[in-house]
Amino acid sequence: MDPRQLTMNSSEDFQRNENGWQNSVIIIPALLSGSTLIIVAIILWRSICGKREKRKESKGKTKGLYEDWAVNAAGVFENSLDVPDPVLEKKQLPAGWTLERRVLVCDGHFGPISRGDLCCPGEDSQHVVLKELSEHCSPGEVQDFIDLMKFYVQVCNHNSLVTMLWCQTERRPPSIIMKAMSYGNLLTFLRNPQEGARASEGGAPRITEKDVYSMALQVASGLEYLSGTHDLVHGYVAACNLLLHEDLSVQLCGLGLAAIQYRSGSVPVRRAAQVPLKWQSPERLKGADITEKSDVWSFGILLYELVTLGSPPYPDVEPSQMPSKLKKNFRMERPTLCGPQLFEVMSSCCQWEAPLRPCFTDVMKLLQNGQDQADGRTPLTPRDTLSWMEYASVAGIPA
């Protein structure tokens, strides 16, 4: 055979072998990868189906029951409420006491909030507010709720702070029973007195500038107690976090930030940032810690809310524009029927530099000095006719 022909045949054989080997190198791994992906997909599908079945079983077991109240997506955790707490033992609702004529008010941070009458054998019933812990709570929320109960017992011993009458930790759902204030939320009352709880009984009172001084003094006293006695801040001083009674006494509520600070020594940045911008001091807007002087700034905004019967602060400013406006020293004008002395207190509370603002002890002195000259005859009038939806938009709060 011709050597050239032999060489050609050998070359062709080699080429065919090489091509076959290359094809094998490509095809075999591809087949292996494909089969592996199929196997992984099957395993994942079975895993997902298994989890769905477990969730269905779990829902079936817990539906309508509180026995598995402490079970949620994060898994099962040790129920802290099963361990008796000496701080809460003396505040446990006595056996045989019941809550009658309950009416749901709203959904709170921890769960449903209701009003009703607390009935005990042989005694007159008492109007109360019931705060319950949702069965869908997380482990962290359980602990926060327990700490809030302890906070009410150990800290809220002042006439201007909300009062916990009783608690329930030995029965489900865990709950806090508070003293009810007859007119309910102050902001709701200011904007529409007829919406205030029980306002129809005897008619809602007309608010004067002198009444503003009285309510402001009560709030300042409660805040002085928090900061002076317990070194705590409120963090969201506003009309929406005040409760009003028929004698125009007020109590601070919305003490969640103070309760967290009492437990941990600091206020979480994320929780602090949830406060609407129009109530935050300049240093808070820049990310600084909340201090007593930060609460003083918010107190100045509260004075505006009181004297305008619940109008949103900085009504002509978009919430997102607040940081830049404040930096340019923009301030609200004196409202109608707001005397010069009350406006002076408001302005001193809202000074840009925190050290220049008065402490709450000094705020109380300023209010006491101006109270005697305040107008106690002319009823204050609303500054706006905004709907609740419009109010929320202007104020920069969730509707």
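Which residues in α5 meet which residues in α12? Let's start there. On the α5 side we have Lys210, Tyr213, Ser214, Ala216, Leu217, Ala220, Ser221, Leu223, Glu224 and Ser227. On the α12 side they meet Phe360, Thr361, Val363, Met364, Leu367, Gln368, Gly370 and Gln371. By class, that contact holds nine nonpolar, seven polar and two charged residues.

A word of caution before going on. This is a predicted model.

Now the overall picture. The protein has 399 residues, and 43% of them count as buried. Its secondary structure comes to 13 helices and ten strands. Take the contacts with a separation of 6 or more: 67% of those link residues 24 or more positions apart.

Back to our helix pair. The axes of α5 and α12 lie 9 Å apart, and the packing angle is about 160 degrees. That angle is over 145 degrees, so α5 runs roughly antiparallel to α12. The crossing of α5 past α12 is left-handed.

Helix α12 has another partner, α9. Helix α9 covers residues 292-307, and α12 covers residues 360-371. Here the angle is about 30 degrees, and the axes are 10 Å apart. The cut-off for roughly parallel is under 35 degrees, so α9 counts as roughly parallel to α12. Who touches whom? From α9 come Glu292, Asp295, Val296 and Phe299. From α12 come Phe360, Val363 and Leu367. By class, this contact has five nonpolar residues, two charged ones and no polar ones.

Notice some names coming back. Phe360, Val363 and Leu367 meet α9, and those three α12 residues are also in the contact with α5.

Next, the core. In soluble globular proteins, nonpolar side chains tend to be buried together. Here the largest nonpolar core has 91 residues. Phe151, Tyr152, Val219, Phe299 and Leu367 have the most contacts inside it. Which helix gives this core its largest share? That is α5, residues 209-230, with ten residues.

Leaving aside its sequence neighbours up to four places away, Val219 touches Val237, Leu242, Val250, Leu252, Phe299 and Leu302.

Ser114 sits in strand β4, residues 112-119. Is Ser114 buried or exposed? Its relative accessibility is 3%, so Ser114 counts as buried. Beyond four places in sequence, Ser114 touches Arg102, Val103, Leu104, Val105, Val128, Val129 and Leu130.

Arg101 is not a glycine, yet its phi is positive, about 55 degrees. Arg101 is found in strand β3, residues 98-107. At 55% relative accessibility, Arg101 counts as exposed.

Leu309 also has a positive phi, near 55 degrees, and it too is a residue other than glycine. Leu309 belongs to the loop between α9 and α10. What about its burial? Leu309 has a relative accessible area of 10%, so Leu309 is buried.

To recap. Helix α12 packs roughly antiparallel to α5 and roughly parallel to α9. The largest nonpolar core has 91 residues, and ten of them come from α5. Arg101 is exposed, whereas Leu309 is buried. Thanks, everyone.

Note on methods
Residues numbered from 1 in each chain as written. Predicted model: local features only at pLDDT ≥ 70, side-chain atom pairs only at ≥ 80, totals over all residues. Heavy atoms only, no water. Core = buried A, V, L, I, M, F, W, Y, C linked by side-chain atoms within 4.5 Å. Buried < 20%, exposed > 50% of the residue type's maximum accessible area, 1.4 Å probe, protein only. Helix = DSSP H or I, 4+ residues; strand = E, 2+ residues; numbered from the N terminus. Contact = heavy atoms within 4.5 Å. Axes fitted to C-alpha atoms, helices over the stretch in contact; angles between N-to-C directions. Parallel < 35°, antiparallel > 145°, perpendicular 65-115°, else oblique. Nonpolar A, V, L, I, M, F, W, Y, C, P; charged D, E, K, R; others polar. Left-handed = near helix turned anticlockwise from the far one by under 90°.
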